[in-house]
Amino acid sequence: MPAPTFAQPERRSLLAPILIAAAVLLALGTGLYLYLPRRTADITITHTAILPTHTAFDTGSKLVGKQQRIEEDLYVLLTVRVDDKLRVPLFLSDITANLTGADGSTATTSAVEKNDLPAVYTAFPAIRPLTGAPLLRESTIEPHSPLQGMVLLHFPIVQAIWDNRQSATLTLSFYHQAPITITIPKQ
C-alpha cells in the first residue's frame with residue numbers, strides 16, 4: 001500500500017489583501033479629512049469700544065456725616081462675528097470674558113443679558129451710541145452663515161487696568177460643541 005500523501009495548496013502571500021485594505025482605509029481617511037471641517041466656527045472681533053464710568057453714591061448715613069461711595073467701572077463693547085463652519089446649526093449658550101491684569105490678577109465676567117441692556121442704557125446714556133444689535137444667548141447660527149452682534153461686558157476696574165492688561169479673552173459656549181476662546185485685541 002502506498003503511503004498517503006497529503007497535498008497542500010501553495011501558500012498565498014497576504015501582501016496583496018493587506019495593501020488593498022490599507023489603500024481603502026487611506027482613501028476613506030482622506031475623504032473624511034476633506035469632507036469634515038477642522039473648526040466648528042470662526043470667531044472674529046471686528047470692533048472694540050470701551051467706556052469708563054465713575055459713579056459716586058451718597059451713603060445716606062446721618063450719624064457719620066455725608067459720605068460718598070465711589071465706583072469705577074469699565075464697559076467693553078465688542079462687535080463679534082461668528083461663521084459656522086459645520087453642516088449643522090450652532091446654538092449659542094453663554095458668552096463670558098476673562099481679564100488678566102498686569103499684576104496677574106484675574107477677573108471673569110459674563111456678557112450683559114438682553115433684559116439688562118435697557119437698564120444699562122438708562123444708567124449710562126453714553127453707551128447707547130456705541131452699541132449695535134446684540135449677540136444674544138440662545139441664538140442659532142445657521143450652517144455656512146455668519147452671525148454678527150454686539151457683546152457688552154462689564155468689568156469693575158479702572159481704564160488703566162484694561163490698558164495695561166496682560167491678556168483678555170472672549171469665550172463663546174455652544175450647546176452641542178466645544179467652547180471657542182479668542183483673544184480680545186489691544187487697541
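**Why is it called that? Questions about a predicted model**

Mentor: Let's start with Leu152, which is found in strand S6. Strands are DSSP runs of E with at least two residues, helices are runs of H or I with at least four, and both are numbered from the N terminus. This is a predicted model, so local features need pLDDT of at least 70 and side-chain atom pairs need 80 or more, while totals for chains, interfaces and linings use all residues. Residues are numbered from 1 along each chain as its sequence is written, and side-chain values use heavy atoms, leaving out hydrogens and water.

Trainee: Is Leu152 called buried or exposed, and why?

Mentor: Its relative accessibility is 1%. Buried means under 20% relative accessible area, exposed means over 50%, and partly exposed is in between (1.4 Å probe, protein chains only). So Leu152 counts as buried.

Trainee: Which residues is Leu152 in contact with?

Mentor: Contact means heavy atoms within 4.5 Å. Leaving aside neighbours within four places in sequence, Leu152 is in contact with Tyr75, Val76, Leu77, Ala111, Val112, Leu117 and Val120.

Trainee: What makes a group of residues a nonpolar core?

Mentor: The members are buried Ala, Val, Leu, Ile, Met, Phe, Trp, Tyr and Cys residues, joined through side-chain atoms within 4.5 Å. The largest core has 30 residues, and Leu78, Val80, Val151, Leu153, Trp162 and Leu170 touch the most other members. Strands S1 (41-58), S2 (68-84), S3, S6 (146-155), S7 (167-174) and S8 (180-183) each supply at least two residues of this core. Apart from it lies another core, of twelve residues, including Leu51, Leu77, Tyr121 and Phe124. In soluble globular proteins, nonpolar side chains tend to be buried together.

Trainee: What makes Leu25, Leu28 and Leu32 a nonpolar patch on the surface?

Mentor: Patch residues have over 30% relative accessible area and no salt bridge; like charges are joined within 9 Å, and nonpolar side chains (Val, Leu, Ile, Met, Phe, Trp, Tyr) within 5 Å. Take Leu25, in helix H1 (residues 15-35): at 58% relative accessible area, Leu25 is exposed. Together the three leucines have about 310 Å² of accessible area, worked out by the Shrake-Rupley method with a 1.4 Å probe, with only the protein chains shown counting as cover for residues.

Trainee: Why is the contact between Asp42 and Lys85 called a salt bridge?

Mentor: A salt bridge needs a side-chain nitrogen of Lys or Arg within 4 Å of a carboxyl oxygen of Asp or Glu. The closest N and O atoms of Asp42 and Lys85 are 3.4 Å apart, so the pair meets that cut-off. Asp42 lies in strand S1 and Lys85 in the loop between S2 and S3, so the pair ties together parts 43 residues apart in sequence.

Trainee: How many salt bridges does a search of the whole structure find?

Mentor: Three. Arg81 and Asp83 meet at 3.2 Å, N to O, and Arg137 pairs with Asp94 at 3.1 Å. Arg137 is in the loop between H2 and S5, while Asp94 is in strand S3, 43 residues apart.

Trainee: What stands out about the phi of Glu138?

Mentor: Its phi is positive, about 70°, although Glu138 is not a glycine. Most residues other than glycine have a negative phi. Glu138 is found in the loop between helix H2 (117-123) and strand S5 (140-141), and at 52% relative accessibility it counts as exposed. His144 also has a positive phi, about 55°, in the loop between S5 and S6.

Trainee: How do you know how the chain compares with a compact globule?

Mentor: Compare the radius of gyration, taken over C-alpha atoms, with the globule rule: 2.2 Å times the number of residues to the power 0.38. For 187 residues a compact globule would be near 16 Å, but this chain has 30 Å. The C-alpha trace spans about 130 × 35 × 30 Å along its principal axes.
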